[in-house]
Every structure is written in C-alpha cells, then in structure tokens.
Amino acid sequence: MKKYLMTFLFCVIALLANAQKKITDKHIIYQQERMVFKQWDRDKFTPKPGFLGLNPEYWITWALHPNYPKTDLRPLGPAGPQTQRLMFAAAMQHTDNLYKLHSDTLRNTALSEASNYSSALSFADPLWLMYYRNEFEGLLNQADSDLLTGLSAAERSYLISSGLFDWYRDESHALLERLEIARSTTVDRGSRIMAYHGMLGEYRKLLASWEMKKSKAKAFLSIKSSAEKIRNANPPEVRGRKTDIQIADDILKKSKL
C-alpha cells in the first residue's frame, strides 16, 4: 500500500510539473511587434485610457512615459538607428566607389602618360613597328663593308680617294646616332614620331645623293677613260692644234659609242 501511495504522489507531481499554462499577454506581444518588424501603431498601445480616461491601469503604465507612444523607437524604423547605420554604410560605400574610380582614373592616366613618354616602350610603338622600322632598315642594318658592293675596283678606288665614301659613312653614322637618341630619350610620343619623320626625310635625301654619286662615278670614269684614249690616239702635233671644245666634243662622241 505504501508503494502504491508513493507512486501516485510521484505521478501527481509529474503532471503538475508538465501542466504549464501558456501565458499570452497582448501588451507584450504588441510591444514585441512594434520593436521588431511591424508598424509603430499608437492604437495598439495598451492599456487604453478607457471611459473619460479613468482607467487606472493606463495611468499606472503611461503616466511616467507620456511621450513613449508618440516616438517611433523601432531599430528598422524610418529614422531608426539600424536604418541610419545602413544608410551611412551605403553612403560610405558610394564614397569608397567614387574614390576607387578616381584612383583608377589617376592610375590609368599615369600609366598612359608613362607609356607615352617612356623610352623603354618605344620599340613597341605601333607606328614604329608598322612603318618606320621598315623605312630605316637599311640604316639600322648598314655595314660599311657593303657600301661599295657591286662596284668595280676602279669605282671603289675613285669613291674612296675622292672622299665620297668617308662622307657618306660619316653622315649615315651621325644620322643613325640621332635616331638611337630619339628612340632612347624620354619624350612624348608625338615629338618622337616627328623626329622619326624628319630623320626619314634626311635619310632618303642622303641615300639618293649616295646612289647618284655612285652612278656619276661610273660615268666620270668612263669619260676619263675616253679622254685618255683620245689623247693617246692623236699625235702630239695634232692634239696641240685642237681646242678644248673640240676635245670635249670628241669625248662625248666616244662616250655615246
């Protein structure tokens, strides 16, 4: 009997422990909804004033906080601290993006100016690669030993003895040195291209002059050889009777033949 009584008491205690009543307080629920996610609704501030404002619970609850229902204290309200923090964070993000854009613009401008002025990138200039390098190829790859290639021994001897060979060699070396200085000097791209253009004109004139002198050397040696043949063919007494004009006419006739 004692055992049954103890068992019954334990069961009653267990039932009382588990039989908790859920307390639903609408005032607490309204406050939670106001502070968390719902509208700050002044109509849900309870307890109400009642008839003629005689509800004692109203005065006990709100007498010390008369402005509380009028002030929206939601963190995510229109003027709530969380909303302001998010707005400030968005404003700072926008400012950071503007600073980043400005710094990127400055960086790109600096890189563009550096590539525009730097001589280290002159070899990769598109205009140099596509045009001027090919036009200056003869000057860049010039070998002094090849300047007289294709000429006879007499023509080479004449060009060397007359100083024409030394003249062209010195002029071409000076022009090549100026070209290398233009390529290695830190200057804006426009000035470098203008220097290329001016030196290309000088190089073309120099090359044309050199080709003309080589061709005239052949004609001069031919005239000289014809004049010597005429002098050797005529006896002294006949040679002395001819005038200079006649001798020149004979040379031209021989050269035409």
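Rings of Phe, Tyr and Trp (its six-membered ring) pair if their centres lie within 6.5 Å; planes under 30 degrees apart count as stacked, over 60 as edge-to-face and the rest as tilted. With that in mind, here are the views.

**Figure 1. Ring pairs link six side chains into a cluster: Trp 128, Tyr 131, Tyr 132, Phe 136, Tyr 196 and Tyr 203.** This is a predicted model, in which local features need pLDDT of at least 70 and side-chain atom pairs count only at pLDDT 80 or more, while totals for chains, interfaces and linings use all residues. Residues are numbered from 1 along each chain as its sequence is written, and side-chain values use heavy atoms, with hydrogens and water left out. Across the whole structure, a search finds nine aromatic pairs. One of them joins Trp 128 and Phe 136: the ring centres are 6.4 Å apart and the planes meet at 20°, so this pair is stacked. Are these two residues buried or exposed? Trp 128 is buried, at 2% relative accessible area, and Phe 136 is buried too, at 0%. (Buried means under 20% relative accessible area, exposed over 50%, and partly exposed in between, using a 1.4 Å probe and protein chains only.)

**Figure 2. Tyr 132 and Tyr 196 form a tilted aromatic pair.** Look for the two rings 5.5 Å apart, centre to centre, with 50° between their planes. Which helices does the pair link? Tyr 132 belongs to helix H5 (residues 126-135) and Tyr 196 to helix H9 (residues 189-233), so the pair connects distant parts of the chain, 64 residues apart. (Helices are DSSP runs of H or I with at least four residues, strands are runs of E with at least two, and both are numbered from the N terminus.) Tyr 132 counts as buried because its relative accessibility is 5%. Tyr 196 is also buried, with a value of 0%.

**Figure 3. A salt bridge joins Arg 189 and Asp 125.** Side chains of opposite charge can pair when their charged atoms come close. Here a salt bridge is a side-chain nitrogen of Lys or Arg within 4 Å of a carboxyl oxygen of Asp or Glu. The structure holds seven of these salt bridges. In this one, the closest N and O atoms are 2.4 Å apart. Arg 189 lies in helix H9, while Asp 125 is found in the loop between helix H4 (81-117) and H5, so the bridge ties together parts 64 residues apart in sequence. Arg 189 is partly exposed at 33% relative accessibility, whereas Asp 125 is buried at 10%.

**Figure 4. Arg 204 and Glu 135 meet in another salt bridge.** The distance from N to O is 3.0 Å. Why does this pair tie together parts 69 residues apart in sequence? The reason is that Arg 204 sits in helix H9 and Glu 135 in helix H5. Arg 204 is partly exposed at 42% relative accessibility, and Glu 135 is partly exposed at 29%.

**Figure 5. Within helix H9, Glu 211 pairs with Lys 214.** The closest N and O atoms of this salt bridge are 3.5 Å apart. The two residues are three positions apart, about one turn of the helix. Glu 211 counts as partly exposed, at 42% relative accessible area, but Lys 214 counts as buried, at 14%. Elsewhere, salt bridges that share partners join Asp 166, Arg 169 and Asp 170 into one network.

**Figure 6. The charged end of Lys 213 sits over the ring of Trp 167.** The distance to the ring centre is 5.4 Å. (A charge sits over a ring if NZ of Lys or CZ of Arg is within 6 Å of the ring centre and within 35 degrees of the ring normal.)

**Figure 7. Leu 5, Met 6, Phe 8 and Leu 9 make a nonpolar surface patch of about 400 Å².** Patches are made of residues with over 30% relative accessible area and no salt bridge; like charges are joined within 9 Å, and nonpolar side chains (Val, Leu, Ile, Met, Phe, Trp, Tyr) within 5 Å. Accessible areas come from the Shrake-Rupley method with a 1.4 Å probe, and for residues only the protein chains shown count as cover. Leu 5 lies in helix H1 (residues 2-18), and with 51% relative accessibility it counts as exposed.
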